[in-house]
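Student: Please take a close look at one part of this model, the contact between two of its chains, and describe what is found there and around it.

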Amino acid sequence: MTKLRKIKDVFFKWLFFAATAFGMLSLVVLVVDILYQGLPRLSWEFITNFPSFNPDKAGIKAAILGSVWVIGLTAPMALFLGVATALYLEEYAKKNWFTRLIQTNISNLAGVPSIIYGILGLALFVRAMKLGPSILAGAFTMALLVLPIVVVAAQEAIRAVPQTLRHGAYALGASKWQTIRGIVLPSAAPGILTGMILSLSRAIGETAPLVVVGAFVFVRFAPTDPLDKFTVLPIQIYSWVSQPKAAFHELAASGIIVLLIVLLLMNATAVLLRNKYQKRF
Amino acid sequence: MVPGVLFSSSLITVLTTVGIVLVLLTETVAFFGEVSIIEFITSDRWTPQFADKHFGILPLLVGTMMITVIASLVALPIGLATAIYLSEYAPERVRKVVKPILEVLAGVPTIVYGYFALTFVTPLIRSLIPETSIYNALSASIVVGIMILPMVASLSEDAMLAVPRKLRDGAFALGATRFEVALKVVVPAALSGIIASFVLALSRAIGETMIVTIAAGALAQVTFNPLESVQTMTAFIVNISLGDVEPGSIESKSIFAVGMTLFVLTLTLNLIAQFISRRYKEEY
Amino acid sequence: MSIIETRNLNLYYGQHHALLDINVDIEENSITAFIGPSGCGKSTFLRTLNRMNDMIPNVKITGTVKVAGEDIYQSGVDVEILRKRVGMVFQQPNPFPKSIYDNITFGPKLHGVTNRHELDEIVEKSLKAAALWDEVKDVLKKPAYGLSGGQQQRLCIARALAVNPQILLMDEPTSALDPISTAKIEELLDELKETYTIVIVTHNMQQAARISDKTAFFLNGELVEYDATPVIFQNPSDKRTEDYITGRFG
């Protein structure tokens with residue numbers, strides 16, 4: 001009887017370990033596969049060339065510029081709206097049904113599939129506001145998509161600022177807004193920034209909403225204006241993946257390497273920020 | 001002045017929801033002006049781009065469900081087992097390695113998973129089962145499963161870590177093995193959180209887009225054979241969007257009708273998950 | 001006859017030397033109390049007797065602990081069987097989030113009792129032994145969390161008794177309870193010692209004086225003095241014991 005129980009105990013321990021290893025292993029296989037396929041075509045020309053029907057001349061310049069444009073416009077909008085919403089909820093809002101509604105709504109928005117945001121962007125920004133399938137329409141869409149994540153991260157950062165700091169400022173005669181601007185926001189800034197970077201790294205990998213908004217899959221020019229047509233890294237990768245020729249799949253892998261490096265740098269920055277400013281209070 | 005600006009900003013999140021619902025609703029109503037709701041529900045053909053147009057949502061629903069079910073078969077048991085390992089067995093130094101890797105796995109863009117499904121998993125499946133189509137539901141759903149696995153693992157682990165140590169001690173003191181403590185005390189005590197994580201994972205799988213667009217194909221058909229190509233609701237929306245969509249055309253409206261179905265389905269699951277974790281909040 | 005014997009027992013938490021050369025003999029069918037200020041090692045020592053310290057990383061133990069003549073730290077010892085023989089009740093009542101009935105049958109089921117009739121008998125017997133039967137016999141299928149704190153603690157005692165242990169370790173079992181519940185449990189312990197050997201950690205010296213046959217005083221990981229309870233409280237031989245029981249520190 002106890003013998004059987006012990007055998008079960010050991011068996012399941014290894015089974016649970018194997019399950020954990022499966023996730024780890026998937027990541028390793030995925031990364032190795034991508035490096036193996038993508039490294040040979042990764043070169044300076046790949047970064048600086050526009051896409052081409054000839055795989056040997058194709059590059060991701062337009063996609064990189066498009067991603068930079070979209071993220072560059074998304075970031076300030078999401079930051080402003082996210083921090084403002086978080087400040088309102090944490091510092092000003094009364095505990096009533098409307099505040100609860102906003103809060104519940106935010107957590108529900110975080111669970112809405114990203115492609116639905118694309119549909120909203122298509123109807124609202126592309127068509128109703130007549131922005132067309134432009135960078136600006138894409139950035140508006142992305143800002144709404146990451147907004148719930150930014151709000152939640154900013155709320156956590158603001159909540160982590162100890163009440164004693166606020167009281168210290170009030171005791172010196174600071175007004176509520178002076179206290180927020182002078183004490184709360186600077187103290188919460190690293191946390192907000194970390195959340196911001198993480199949400200942008202989500203945005204940079206998003207494909208579906210921008211496809212629905214109408215981003216192009218084949219762009220041979222550098223965008224110069226927010227109303228220009230555009231493509232982004234993941235869409236460029238998608239267009240290569242969907243080609244039947246193996247050479248284009250290799251290009252897709254090279255593009256993925258670029259995308260992953262960008263994500264890695266963003267996440268590393270976030271981790272550094274987090275570690276540097278952790279436990280200051 | 002300042003509170004006013006902040007308050008208006010916070011309204012944006014509410015307006016986003018209102019916007020989503022209004023946009024989906026108006027276009028869906030317009031869609032049903034041209035297509036009978038009976039056909040939408042009962043027809044088993046979905047061919048908006050063909051000359052012979054049919055608008056039965058069933059093939060897309062079946063495709064979505066097949067992906068979701070197989071993905072769950074991968075992600076739920078493996079995710080739960082990972083959570084049990086991390087919360088009940090793993091020494092601190094192992095946790096310190098595994099947790100960040102799971103975070104990375106959760107942060108990999110879906111386009112990357114899509115590439116992985118098509119260029120790695122599909123050839124693997126085809127070498128084992130040669131009659132598999134290039135675009136098939138199995139490959140896509142396995143990879144969707146890998147994608148949602150970290151979420152199941154980390155949410156379930158959170159629920160298990162919330163089970164107080166004194167309950168584990170009580171069971172150990174009665175002579176329970178580690179496995180018995182996990183299975184008979186920790187998992188039952190954390191059950192509401194675990195089930196909520198399962199439901200959220202289902203919702204995530206239903207809304208997943210790029211993996212299925214790339215690896216499962218674009219053939220809207222009612223089939224229960226995972227080796228064949230299927231089209232999900234999300235993949236349909238992407239496929240239409242990739243072409244020129246004339247505003248006001250029936251193709252355009254069909255995007256919104258399918259989007260509405262998708263939105264209602266995922267929102268319902270998310271609300272169920274919230275209800276479970278709130279209603280059955282464990283008190284220890 | 002001694003049912004528990006420890007010899008030169010040392011315990012380290014990493015670098016911290018938490019127990020120093022503990023030598024104790026505990027007699028069968030008696031109540032032994034461990035007293036001392038918090039952090040003195042009394043609870044740690046209690047947990048060495050059913051190897052509950054195994055769960056804590058970086059714990060190292062040297063010396064021997066014999067339970068009924070068998071060294072429990074030898075390799076090949078079945079920890080699950082040991083813990084069945086040496087039951088434990090904790091400071092905080094910790095019923096499982098299950099019914100009263102399922103709490104009691106949890107242990108017996110682990111150890112292979114499946115017969116419904118037999119389980120019913122165990123439930124009744126254990127709850128009677130823990131003086132809880134009359135209060136809960138009509139609500140056995142109700143969740144254990146519906147009980148009061150004192151009832152929950154008696155349920156935990158019943159749950160420990162259900163696997164038929166020889167020894168019952170109690171780690172400050174009444175510290176979270178009100179005086180009436182405490183009195184009930186103290187009364188209960190007096191009955192239980194007919195059948196079981198009880199070792200109780202308490203921070204309450206009056207409690208130790210009221211209920212125990214022998215008392216051990218711990219300080220800074222050392223066993224300062226161990227003797228019959230009246231001796232410890234009326235005529236301690238060590239100055240530190242005297243200081244503690246007269247309330248000069250701790």
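Tutor: Between chain B and chain A there is one salt bridge. This is a predicted model, and the distances and areas below are computed from it. The bridge joins B:E180 to A:R5, with 2.7 Å between the closest N and O atoms. On the side of chain B that touches chain A, helix α1 (residues 2-34) of chain B is the element that gives the most, with 17 residues. By class, the residues on that side of chain B divide into 48 nonpolar, 22 polar and two charged. Polar contacts between chain B and chain A amount to nine residue pairs, counting pairs with both residues at pLDDT 80 or more.

The extent of this interface can be given in residues and in area. In residues, 72 of chain B are in contact with 65 of chain A. In area, chain B and chain A bury about 6,100 Å² between them, and 79% of this lies on carbon and sulfur atoms. Within chain B, the residues that lose the most area to chain A are B:L6, B:Y115 and B:F179, which together make up 12% of what that side buries.

Now to the arginine of the salt bridge. A:R5 belongs to helix α1 (residues 2-38) of chain A. Its relative accessibility is 6%, so A:R5 counts as buried, the cut-off being under 20%. Residues up to four places away in sequence aside, A:R5 touches B:G175, B:A176, B:T177 and B:E180 in chain B, and C:E80, C:L110 and C:H111 in chain C. With one of these, C:H111, the side chain of A:R5 makes a polar contact of 3.2 Å.

The domain assignment of chain B gives domain 1 (1-33) and domain 2 (38-280). The C-alpha centres of these two domains of chain B are 28 Å apart. Ten residues of domain 1 of chain B contact ten residues of domain 2 of chain B, and the two domains bury about 940 Å² between them, 88% of it on carbon and sulfur atoms. Of the area that domain 1 of chain B buries against domain 2 of chain B, 58% is supplied by B:L24, B:E27 and B:F31, more than any other three residues. Between domain 1 and domain 2 of chain B the salt bridge count is zero, and one residue pair is in polar contact, with both residues at pLDDT 80 or more. The side of domain 1 of chain B that touches domain 2 of chain B consists of eight nonpolar residues, one polar and one charged.

C:T197 is found in strand β8 (residues 197-201) of chain C. C:T197 has 0% relative accessibility and therefore counts as buried. A polar atom of the C:T197 side chain lies 3.0 Å from the backbone nitrogen of C:N29. Neighbours within four places in sequence aside, the contacts of C:T197 are C:I3, the run C:I26, C:E27, C:E28, C:N29 and C:S30, and also C:Q166, C:I167 and C:L168.

Notes:
Residues numbered from 1 in each chain as written. Chains lettered and ligands numbered in written order. Predicted model: local features only at pLDDT ≥ 70, side-chain atom pairs only at ≥ 80, totals over all residues. Heavy atoms only, no water. Domains from an automatic or database assignment. Contact = heavy atoms within 4.5 Å. Buried area = accessible area lost by both parts, 1.4 Å probe. Salt bridge = Lys/Arg side-chain N within 4 Å of Asp/Glu carboxyl O. Polar contact = N/O pair within 3.5 Å; in protein donor to acceptor, adjacent residues only side chain to side chain. Nonpolar A, V, L, I, M, F, W, Y, C, P; charged D, E, K, R; others polar. Helix = DSSP H or I, 4+ residues; strand = E, 2+ residues; numbered from the N terminus. Buried < 20%, exposed > 50% of the residue type's maximum accessible area, 1.4 Å probe, protein only.
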